[in-house]
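Thanks for coming, everyone. Please have a look at the sequence and the structure before I start.

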Amino acid sequence: MLASAVLVAALGVAVTGYAASAVVAGRSMSPTLEPGQRILVDPFAGDYTPVRLAVVVADRDGTAVVKRVVGVPGDRVRMVDGRAQVRPEGVGPWLSLVLPGTDDPWDTPRLCCAPDGSGGVAGSVEVPAGRVWLLGDNLAVSDDSRAYGFVPVSAIEGPVWLRTWPLDSADHLVAMAALSR
């Protein structure tokens, strides 16, 4: 009886986890997340407050996108020589975002930032209240805030918590990004 109850509970957790997961499509988050990997959004996130460098799932015009939070409200952001830079809380030195995949030889620097956070002009801009600036780890191929500007915090479904498939890649998602001077 106890074994049956444990089996039913385990199946329930597995089915719920599978149903609440998403499959990574595209290379915009490579090598952190690869196409075909299955991810699970943190089910305990509740009202999520964005954290700089977290990988999140966000709703972009009805489509789920997986991106990294680079700028949170009050930060200044810019692109310099194809590298993302952030000035946390808008003060102090500019810090360069060190992401896997940013040394891709196909990288074509996209200018940023227009007042709405999108590209097209060289400059820096402050992330407004209630918005975030999102980038893919593979800057060469990612459609991200450089293409569509700031994203409302309310569009974030939550942080990516686990890679669940394939089994050899299943683990807690480790932030592979850092800020450096």
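The structure holds 1 disulfide, counting as a disulfide any pair of cysteine sulfur atoms within 2.5 Å. The partners are C112 and C113, with their sulfur atoms 1.9 Å apart. The angle about the S-S bond is 95°, and the link of C112 and C113 is right-handed. A disulfide is a covalent bond between the sulfur atoms of two cysteines. Are C112 and C113 buried or exposed? Both are buried. Buried means under 20% relative accessible area, exposed means over 50%, and partly exposed is in between, using a 1.4 Å probe and protein chains only.

A word on the source. This is a predicted model, where local features need pLDDT of at least 70 and side-chain atom pairs count only at pLDDT 80 or more, while totals for chains, interfaces and linings use all residues. Residues are numbered from 1 along each chain as its sequence is written, and side-chain values use heavy atoms, with hydrogens and water left out.

Now the whole chain. The protein chain has 2 helices and 13 strands. These are DSSP runs numbered from the N terminus: helices are H or I with at least four residues, strands are E with at least two. Of the 181 residues in the protein chain, 42% are buried. The chain exposes about 9400 Å², and carbon and sulfur atoms supply 61% of that. Those areas come from the Shrake-Rupley method with a 1.4 Å probe; for residues, only the protein chains shown count as cover. Next, contacts, meaning heavy atoms within 4.5 Å. Take those in the protein chain between residues at least 6 apart in sequence: 60% join residues at least 24 apart.

Two buried residues next. G71 sits in strand β4. Why is G71 called buried? Because its relative accessibility is 0%. Setting aside neighbours within four places in sequence, G71 is in contact with V77, V127, V132 and W133. From G71 to V86 is 15 residues in sequence, and 6.7 Å in space, C-alpha to C-alpha.

V151 belongs to strand β10, residues 151-152. Its relative accessible area is 5%, so V151 is buried. Again leaving out neighbours within four places in sequence, V151 is in contact with G130, R131, V132, L134 and S145.

Now two loop residues. D61 lies between β3 (55-60) and β4. Phi of D61 is near 55°, a positive value in a residue other than glycine. D61 is exposed, because its relative accessible area is 67%. E89 is in the loop between β6 (83-87) and β7 (95-98). Phi of E89 is near 60°, positive in a residue other than glycine. E89 has 64% relative accessibility, so E89 counts as exposed.

Last, the second largest pocket. A pocket, on a 1 Å grid over the protein atoms alone with a 1.4 Å probe, is an open set of points with protein on both sides within 12 Å along at least five of seven lines; lining residues have an atom within 4 Å of a point. This pocket is lined by 13 residues, and V23, A25, A64, V65 and V66 lie nearest its centre. Which element gives the most to the lining? That is β4, with 5 residues.
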